[in-house]
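Please read the following report alongside the sequence and the 3D view.

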Amino acid sequence: MVHNFGYLDIQDLKRKIQIKVANFTEAICRECMQEDPKIVLGDSIWSSLLNNHNEYKKASFLELEERIKHYQQLLKIGESLLCPQISYRNNQEAESIECPVCKSQATIYSDVEWDVDVDHREGTIMGVDIFVFPVLLDCSCGFTLDNYDEIRMVLDDEYDDFCERVRNKTLDI
Ligand SMILES: [Zn+2]
């Protein structure tokens, strides 16, 4: 496989790098070449990349679950959680969810990106779309997250609904 920085022997790369290469290659194949990465890379290389990628996702999910269980134990015995302090920016949209640790209300702060479609000849706005990225979670029990992938795991099936709620809220202003 050839990227613009030369030849890569994919099988020789470390697992973590392989995961990045998988994401990157998939994006290039699908977005730029409009090809299935399986066809570009060949079946066996692509499936080994994909395998590692899925295993990694599973591992980091377990890791988060374990951490949440550990935090619940700490709360039960009255210890405080030593999660990193997060600070949100004013332009981030706040929305409540149930905290996965203490089950009371936690707040998720999202980055919101506006995509405005303008007809430049007419000078009119044709449409507005909003993209929502939940990036910070903060709860009064001490639980925090500042990793998009982990917040996505916490939201799980509710991810789309959550983003929709934030989108509607933002459009209402
Ligand atoms: Zn909490």
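Asparagine 23 lies in helix H1 (residues 15-33); helices (H or I, at least four residues) and strands (E, at least two) are DSSP runs, numbered from the N terminus. Asparagine 23 is exposed, with 12 other C-beta atoms within 10 Å. Histidine 53 is 30 residues away from asparagine 23 along the chain, and the C-alpha atoms of the two are separated by 8.4 Å.

This is a predicted model, in which local features need pLDDT of at least 70 and side-chain atom pairs count only at pLDDT 80 or more, while totals for chains, interfaces and linings use all residues. Residues are numbered from 1 along each chain as its sequence is written.

**The chain as a whole**

The chain has 5 helices and 6 strands. Read from the N terminus, the order of elements is β-β-α-α-α-β-β-β-β-α-α. Of its 173 residues, 16% count as buried. Two residues are in contact if their C-beta atoms, placed from the backbone, lie within 7 Å. Among contacts between residues at least 6 apart in sequence, 54% join residues at least 24 apart.

**The sheet**

Strands of a sheet pair through backbone hydrogen bonds, either parallel or antiparallel. Here two strands are said to pair if DSSP finds at least two bridges between them. An open sheet of 4 strands has the order E3-E4-E5-E6, and its pairing is antiparallel. E3 and E6 stand at the edges with a single partner strand each, so one side of each has no neighbour in the sheet.

Two helices pack on this sheet. H4 touches E4, E5 and E6, and its direction makes about 90° with that of E5. H5 touches E3, E4 and E5, and its direction makes about 145° with that of E3. For these angles, axes are lines fitted to C-alpha atoms, for helices over the stretch in contact, and angles run from 0 to 180 degrees between N-to-C directions.

The bridges can be followed strand by strand. E3 and E4 run antiparallel and are joined by 6 bridges; serine 96 has threonine 107 in E4 as its bridge partner. E4 and E5 (residues 124-139) are also antiparallel, with 14 bridges between them. Across this pair, threonine 107 stands opposite aspartate 138 in E5, and alanine 106 stands opposite cysteine 139. E5 and E6 (residues 144-145) pair in the antiparallel sense over 2 bridges, and aspartate 138 has threonine 144 in E6 as its bridge partner.

| Hairpin | Residues between the strands | Residue and phi |
|---|---|---|
| E3 and E4 | 6 residues | lysine 103, about 70° |
| E4 and E5 | 4 residues | glycine 123, near 70° |
| E5 and E6 | 4 residues | glycine 142, near 110° |

**Positive phi outside glycine**

Lysine 103 has its positive phi although it is not a glycine. Lysine 103 is found in the loop between E3 (93-98) and E4 (105-119). Is lysine 103 buried or exposed? Lysine 103 is exposed, with 11 other C-beta atoms within 10 Å.

Aspartate 156 is not a glycine either, and has a positive phi of about 50°. Aspartate 156 is in the loop between H4 (148-155) and H5 (159-172). Aspartate 156 is exposed too, with 10 other C-beta atoms within 10 Å.

**The nonpolar core**

A nonpolar core is a set of buried Ala, Val, Leu, Ile, Met, Phe, Trp, Tyr and Cys residues joined through C-beta atoms within 7 Å. Which members of the largest core touch the most other members? Of its 13 residues, they are Ala106, Ile108, Leu137, Cys139 and Phe143. E4, E5 and H4 each supply at least two residues of this core.

Leaving aside neighbours within four places in sequence, cysteine 139 is in contact with Cys99, Val101, Cys102 and Ala106.

Notes. Buried ≥ 20, exposed ≤ 12 C-beta atoms within 10 Å, placed from the backbone.
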